[in-house]
Each structure stands twice: as C-alpha cells, then as structure tokens.
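Reader: I'm new to this one. Could you show me how to read what sits inside a fold?

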Amino acid sequence: MQQLVEQIEKIDFQSETYKDAYSRINAIVIEGEQEAHDNYITLAELLPESKDELIRLSKMESRHKKGFEACGRNLKVTPDLEFAKKFFSGLHQNFQTAAKEGKVVTCLLIQSLIIECFAIAAYNIYIPVADDFARKITEGVVKEEYSHLNFGEVWLQEHFTESKAELEAANRQNLPIVWQMLNQVADDAKVLAMEKEALVEDFMIQYGEALSNIGFTTRDIMRLSAYGLATTV
C-alpha cells in the first residue's frame, strides 16, 4: 500500500509524457464504450426478447463514453481515436462477422465477457492511480459494468448446454486477441502506473469467474485460459 501511495505521489498528471500516454489510454476507453454501445444495439436485434434490457445497457455505455471524454478534457488531452479504432479492430471484426452469421453466443462472449472483463480489469487497476476527477468517473462506471457482465453470464448460463461448443470456439479465436491488446498498451499503461502483470491478473480473475458462473469447470477454465496465455510468452 505504501509503495502505491509513493507511486501516485510521483505521477505528474500534467507532464507531456503522461499526457501523450493518456491520449491513447483515454481513447481506448472511449472507443471501448462506443464499441459496447454499438454491440448492445446489434445484440438487441439478435435477441428481441431481451431488447429493452440491451437498449438500456447500450444507453449506459453512451453515458460512460461521455464521462471518459470529460476525463480527457479535464487533463486537456485530445484522445487518439484513430489508434483506438485499430486497437479494437480484431474484436470488432470478429463481432461483426459473428453477428452477420447470427452467432449470438459468439457475440455475447466477445462483448459481455471479453470486452466487459477487459474493461473491469483496466478500471480496477486504473482507479488507485487516477487523477481525482477521473477516479470519481471511473468508480461510477465500473459498478455499472458488472451489470453488463451479468447479462451475458445469465443468458449463457441458461443456454449453456447448447452453447458450450460455440463458446469454446469463440474463446479460442478471441482470447489471443486480448493478450495482443494488453501487450500493445503495456508501455502506455506503465506511464499511468498501471502494470501489465496486474492487468493480466485482474482480467484472468474476472474472465475465469464469468466462465465459472456460466457453467465451465475449473479444469475447463484452465484449458480455455491457456489459449490466451500461450500468446504472452
């Protein structure tokens, strides 16, 4: 704890180095919330029986996006949105392809599990080292992200037997992309006092718990997780 306090005291939120890294990190969270908004709109079309709930979640993501845009303005940083779009391009393309093929299970794994767990992990690690303004915004956002994660968990748990094979295939295809994303952002995250190892650990905890809640065994989860970890070596 003392080490963390000392680390925060050393952060110069107004330095050019910090602002340069923040321009990409801030863009990633803004784009991530926009991706989530768009994905929930698409899911509302694929799951008409859950349309109202999914539209509600999409509106929540729009509010989150505005909050993070305010965080950038507070530090007088212009987010590098072009970088962020490329950052999410792998998951974006896979979600779009799955949606066109009517693969609801794959879409839910990408959005409700992978992207939400990625966001929760990043926010959890960022909150202790954020500036005061961003901390308040992020604390409010992370509480709501758990409800988004919960929607996917509940739906997939209810349809686990018929979804299991597609979930495993979607995990195999998309989890390695997460590790590529984490590697890509590691240097910028470190400038913000967010260690890659902590991000990986928190993501694995969130993702593993989600898979467990859906119905996978501990052995299954270790096997599924290995598809991502193999790419970090």
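Reader: Let's start with the core. How many residues does the largest nonpolar core have, and which have the most contacts inside it?

Author: The general idea goes like this: in soluble globular proteins, nonpolar side chains tend to be buried together. This is a predicted model, and its largest nonpolar core has 82 residues. Tyr22, Tyr126, Phe203 and Tyr207 are the ones with the most contacts inside that core. Helix α6, residues 104-126, gives the largest share, 18 residues.

Reader: Okay, let's pick Phe203. What does Phe203 touch?

Author: Leaving out residues up to four places away in sequence, Phe203 touches Ile114, Cys117, Phe118, Ala121, Leu175, Val178 and Trp179.

Reader: Last one, cysteines. How many disulfides are there?

Author: A disulfide is a covalent bond between the sulfur atoms of two cysteines. Here the count comes to zero. Take Cys117: the nearest cysteine sulfur belongs to Cys107 and is 17 Å away, whereas a disulfide needs the sulfur atoms within 2.5 Å. Cys117 is buried, with a relative accessible area of 0%, and Cys71 is buried too, at 1%.

Note on methods. Residues are numbered from 1 along each chain as its sequence is written. This is a predicted model: local features need pLDDT of at least 70, side-chain atom pairs count only at pLDDT 80 or more; totals for chains, interfaces and linings use all residues. Side-chain values use heavy atoms; hydrogens and water are left out. A nonpolar core is a set of buried Ala, Val, Leu, Ile, Met, Phe, Trp, Tyr and Cys residues joined through side-chain atoms within 4.5 Å. Buried means under 20% relative accessible area, exposed over 50%, partly exposed in between (1.4 Å probe, protein chains only). Helices (H or I, at least four residues) and strands (E, at least two) are DSSP runs, numbered from the N terminus. Contact means heavy atoms within 4.5 Å.
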